[in-house]
Every structure is written in C-alpha cells, then in structure tokens.
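Please have a look at the model on the screen, and then we'll walk through a few of its details together.

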Amino acid sequence: MEETKYSVGLDIGTTKIVAIIGKENEYGKIEVLGIGRSRSLGVHRGVVNNITQTIQSIQQAVEQAEANSGLKINTVTVGIAGQHIRSLQHSDYITRANSEEVIGEEDLEKLCNQVYKLVMLPGEEIIHVLPQEYKVDGQAEIKQPIGMYGGRLEANFHVVVGQVSSIKNIGRCIKSAGLDLDNITLEPLASANAVLSQEEKEAGVALIDIGGGTTDLAIFKDGIIRHTAVIPFGGNVITEDIKEGCSIIEKQAELLKIKFGSAWPGENKDNEIVSIPGLRGREPKEITLKNLSKIIHARVVEIIEQVYLEIKNYGHEEQKKKLIAGIVLTGGGSQLKHLKQLVEYITGMDTRIGYPNEHLAGDSEAEIASPTYATAVGLLMNAVENKHRNSFRGDEKTLQEDPEMVLEEVENSGQPIDGRKKERKSVLDKWADKLKEFLDNAE
C-alpha cells in the first residue's frame, strides 16, 4: 500500500509507547491496520529523561506495528504532555488595509502568526494557538469571520505553551529512531478527538485523561476548546503508594491495583485478604483489600481534587460557563474500579468512561477500543485529518487567487468546512517545519 494511503499516530507515554497505523475507510471511520506497543523506559511524568532508552522503546513499538500490518512506517504524528505544559488566554487584533474586501484565510493566518510572536518566558515555546471567538468591528461572538466585511479583526486565543527543550528532545528521539515528524499535538486534544462527541463539546464537557505519569485535562464549551492543563500525577503514583504502604515490589503493586484495586474503600469487608508471595523464600505477605483501597482512595482523591480545581479555575461555577455534559474519564487510569462514582461524589458532575470506539471501524480489535489507547487513536485521527486537509488544500496560488473556489472544492468533497481548524493547522505545519529544520541543523 502506498504511504499516502495510511497514517501513523505515536503515543510516547510514561508507562507505554504505542504506534498505531490506520487509514480512513469509505464511511469516514478509522480502520486500524496495525498496532505495536512497548514498555516506556526513558519517560518520566510525560517528559523524556533518557534519550537512548526512549529511542529503543519507540523502535520496538514501531517494528511491532510494522510486523502486524506488513507496512513500512516513515512519518508519525506524535503527542506531547508533561508538567511543563501550561496554557493562557490572550486577545489580539489586526487592522485590515482594505475594509471593502471580505475577510479571507490570509487575515486569520496573519492574526494567528501575530500571537506566535508573543514573548514567552525564557526556554518556552508556543505549541498551539487555538482561536476561540472572533470580533469584527466590535461585533462579538463570531465563530467564523471568513467572508465578512470589516476593518478590525479581533480574536480571543487559547495559547498552549511548552518547554523548548522537552519538545526538541521528543523530536530528537523520533529522528534518531529513523522516523520523520509529521506533526506535534497536545495529548489532551488528541484524546478529546477520540472520545468526545460534538454534542458534548457544544454542551460543555471536561475530559480527564488519567495516564501513567500525568493526568491531562481539556475543557470544551460551545464546540470550542476553553482550557487545557497537564497535572504531573497519574496511575504511577498510586502504584508507588501501594508499593510503599504494603512494602512490596512495584510489579506486585501494579498487579494488585489492576486486579483488586478500588477507589471506594467502603465496599471491601475487613476479612477480605489477598496473599502475596514473598521474595526468594521469604514468608508470603497478607494484605487486606480494605487497606489497599484506602491507599488508592487517598491518592485518587488528591488527583481528582487537583483536576477539579482546574475546572473551577476555568469558571465552571458561573452559569454561562457551566459544563452541562459533565466529565468524561479516559486513559489507562480510568479503568480503576468505582472511579466514576468517586469522581461524581467529589465534583457533583455527571461522569462517564470514554472509549475511543466511536470513530473506529466496526471490525477493529476490542483491545484498541480500550480507554488505554484513547490518546494513540486520537493522534492517528489527527494524522489522517492532516493528510486529508493537505490533499484538499490545493496549491497556495489557487488559495490566494480564489479562496472561495478552494472552499467550494472542500465543500463538494463532503469535508466539514472549518476554516479555523484549517488555518490553525497550516500555522502548526510551519512550526513543525521549523522544528525539523532545527533538528537537521543539530546533526
């Protein structure tokens, strides 16, 4: 199969690295052609801290995906997370030279590029500039200004910022693993793509992705991303607590958490005991399930309260910003027993577990539809969408000469027209090119 026919998402997580190959089928769903996973050894809390080990883990996952699918992987779309990610709100405007002409794609691009020039703290770089609402000549709450007349174009932006060194380290690992970097996406945005419906995004929803090293949050309202955050705790700290609290090794702690763990201590009886084999001829250890769930409960409450604080910071308690669809939990950590009930109890918001199966073709393996693969599926969707957009973008000349013609072409192709997305990706493409250029010079 030609490379143009399929795309690859690569999720570099703290506990696992997943490479997933897929393409869009005739019904617009994602058909998974192959998947590879390996243990992630060089990543801590979403940040690469050992380049050599990370490269080996990436190569293992990629080789497995290639063997599974019989296809060759060259370019990948990768996710970024980690405690260095922060987001901010910013407003900016441009004054157009000729208000007699309608607002076009290039005006939005000019406005976005202006935001990319914001002065950041030393060592930080802007990853995403996400337009929220536009204002044209003072008229507010415009979602799509293309085609309108106006002299002053303003917008509110959600700006996602990350550390340059962390971004470059990821790029370095990809390049050293013999791959090309197609795009970098914020992981909570990828997960949101995979598990949220458009109705939820309109009504207002908070996506909580509990991974191994980090818990990612993305808040949507009126179909627009409003807030993102990365909290530097995940499933690993729960395992760590069990290990310390029960004086057992990490492997046993992880198994205990998965098999017997519960986020709600009330449901275990005092006499429910699990016996763990001792090390090298030592006596086995007996652990009560009540104690186990008390340890898990304490740490999970801490994680949820941190996330809830972020949701409150966004302004969920204001009537206008209320998240009607509540919370969607995804990621490996969301599979902990009774977590949904605990989240509902702490936040008072409706909660469901998010599975990435809505966008997958019907015959996909059950394993891939697990919340554990939400980010990887989201990254694959992002890669497919990007490929799609590039094929419909037409050459730059046509776009400048006749933006309507290109829009019409996209409209006739049955593609949803989302000028905002289209323009955002083109700016991001430039950023990815800039990163590629840097990596090439760093040889």
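Let's begin with C112, which is buried at a relative accessible area of 2%. By buried I mean under 20% relative accessible area; exposed is over 50%, and partly exposed is in between, using a 1.4 Å probe and protein chains only. C246 is buried as well, at 11% relative accessibility. How many disulfides does a search of the whole structure find? The search finds zero, where a disulfide is a pair of cysteine sulfur atoms within 2.5 Å. For anyone new to the word, a disulfide is a covalent bond between the sulfur atoms of two cysteines.

A quick note on what you're looking at. This is a predicted model, where local features need pLDDT of at least 70 and side-chain atom pairs count only at pLDDT 80 or more, while totals for chains, interfaces and linings use all residues. Residues are numbered from 1 along each chain as its sequence is written, and side-chain values use heavy atoms, with hydrogens and water left out.

Now to the aromatic rings. Rings of Phe, Tyr and Trp (for Trp, its six-membered ring) pair if their centres lie within 6.5 Å; planes under 30 degrees apart are stacked, over 60 edge-to-face, and the rest tilted. That rule gives one aromatic pair. The partners are W264 and Y345: their ring centres are 5.5 Å apart and their planes are at 85°, so the pair is edge-to-face. W264 lies in the loop between α7 (250–260) and β15 (273–276), and Y345 lies in helix α9 (residues 339–347), so the pair ties together parts that are 81 residues apart in sequence. Those element names come from DSSP runs, numbered from the N terminus: helices are H or I with at least four residues, and strands are E with at least two. W264 is partly exposed, at 29%, and Y345 is exposed, at 64%.

Rings can also have a charge over them, meaning NZ of Lys or CZ of Arg within 6 Å of the ring centre and within 35 degrees of the ring normal. K201 lies over the face of F220, 5.0 Å from the ring centre. The charged end of K321 is over the ring of Y314, at 5.5 Å from its centre.

Next, the inside. On a 1 Å grid over the protein atoms alone, a cavity is a set of points where a 1.4 Å probe fits but cannot get out, and lining residues have an atom within 4 Å of a point. There is one cavity of 30 Å³ or more. What is the volume of the largest cavity? About 40 Å³, counted as the space filled by probe spheres set on the points. Its lining consists of I208, I210, I303, I304, V307, L329 and V343. Helix α8 (289–314) and strand β12 (205–210) each give two or more residues to that lining, and α8 gives the most, with three.

Last stop: the backbone. Most residues other than glycine have a negative phi, and most peptide bonds are trans. E141, in strand β9 (residues 139–142), has a positive phi of about 55° although it is not a glycine. E141 is exposed, at 58%. D222 also has a positive phi of about 55°; D222 is in the loop between β13 (215–221) and β14 (224–231) and is partly exposed, at 32%.

Technical notes: 1 Å grid on protein atoms, 1.4 Å probe; cavity = no way out; pocket = protein on both sides within 12 Å on 5 of 7 lines; lining within 4 Å.
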